[in-house]
Amino acid sequence: MSYCLADSADALAGPAWGAAPPPWAPGRREETHTMTHAYTDGDAGGQGTWCMAEVDIFCDLSEQEMAAIAEAAPMKTYGAGEILHSPDQPSEVLFILKKGRVRVFRVSADGRALTTAIITPGTIFGEMVLLGQHMYDNYAEALDDVIVCVMSRADVNRLLLSDARIAARITAILGRRLAELEQRLSDSVFKTVAQRIATTLGTLTAAQPPAGPLRPVGRHPQIALTHEQIAALAGTSRETCTKVLHDYADQGMIRLARGRITVLDAARLRDAGG
């Protein structure tokens, strides 16, 4: 059974959600006047390099090297549910994800969708033929409020691929992403819906930053997504997803709240994922 957002194309049509599409709806467009910000020269010594900090491929660069990359990579922000990349708006750029999570997925003509990657902070994605990285017919959707830095093909070639350290790390990232895609394809064929939902929750849990000491439920990771969004990631309907989530809640593995899932027993959830 393949991953899908809905059982038919009708579920992706306008009447299924009325005039305002939900955040996960493919094709929803961002308001560009609210998302773009390029730092000026005055920021270069401080916030200008903030987007580069704690990004794996830049881990041992000097301040001067970081500043040069930051100058070539203006920062953009997207709200949860907004589309960073779509087949209708192709662009050959490299995204450096600083904050939030991004889902990369493709949608067939009959409304079926396959999630090909969930991108977490500190890594890269985008339509870059130069890197052997292709988005093709993929959408890239912000799962949370997202901050990215964006580089053109020319600047990627000039500043990243010319550095053997960075080029080797980019190659490693693309290799891991291919392995993850193969695992997702395998899950879509061999795992049940319940197992896929458990696996999805486990993947999202692993991507969570450590909880702060002042959080009331700091020892338990939380996933700030709706049942609709979890269903889209796991490839099932919202109704089926809700039923499975309630089953897991009854077994004490998770706790459900509006727009939030608290993972109470990550080990049992991993076992449920098969």
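Q: Hi! Which residue stands opposite Ile 83?
A: Glu 141, which sits in β8, is across from Ile 83. One thing to keep in mind as we go: this is a predicted model.

Q: Good to know. How many bridges join β3 to β8, and which way do the two run?
A: There are 2 bridges between β3 and β8, and the two strands run antiparallel.

Q: What's the strand order in the open sheet?
A: The order is β3-β8-β5-β6, an open sheet of 4 strands with antiparallel pairing.

Q: And which strands are at the edges?
A: The edges are β3, residues 83–85, and β6, residues 113–119. Each of these pairs on one side only.

Q: How much twist from one strand to the next?
A: The twist averages 30° from each strand to the next.

Q: Let's switch to charges. How many salt bridges does the count come to?
A: The count comes to 11 salt bridges.

Q: Which residues are linked in a network of salt bridges?
A: The network links Asp 60, Glu 65, Asp 163, Arg 165 and Arg 169.

Q: Nice, start with Arg 165 and Asp 60. What's the N to O distance there?
A: Their side chains meet in a salt bridge at 3.8 Å, N to O. The pair links distant parts of the chain, 105 residues apart: Arg 165 belongs to helix α3 (residues 164–190), while Asp 60 is in the loop between β1 (36–37) and α1 (63–71).

Q: What about Asp 60 and Arg 169, how do their side chains meet?
A: Asp 60 and Arg 169 also form a salt bridge, with 3.0 Å from N to O. Here too distant parts of the chain are linked, since Arg 169 is in helix α3 and Asp 60 in the β1–α1 loop, 109 residues apart.

Q: Now Asp 144. Which residue does its side chain meet in a salt bridge?
A: Arg 101, at 2.5 Å from N to O. Asp 144 is in the loop between β8 (138–142) and β9 (146–152), and Arg 101 is in the loop between β4 (93–99) and β5 (102–107), so the pair ties together parts 43 residues apart in sequence.

Q: Is Asp 144 buried or exposed?
A: Buried, at 17% relative accessibility. Arg 101 is buried too, with a relative accessible area of 5%.

How values were computed:
Residues numbered from 1 in each chain as written. Predicted model: local features only at pLDDT ≥ 70, side-chain atom pairs only at ≥ 80, totals over all residues. Heavy atoms only, no water. Salt bridge = Lys/Arg side-chain N within 4 Å of Asp/Glu carboxyl O. Buried < 20%, exposed > 50% of the residue type's maximum accessible area, 1.4 Å probe, protein only. Pairing = 2+ DSSP bridges. Axes fitted to C-alpha atoms, helices over the stretch in contact; angles between N-to-C directions.
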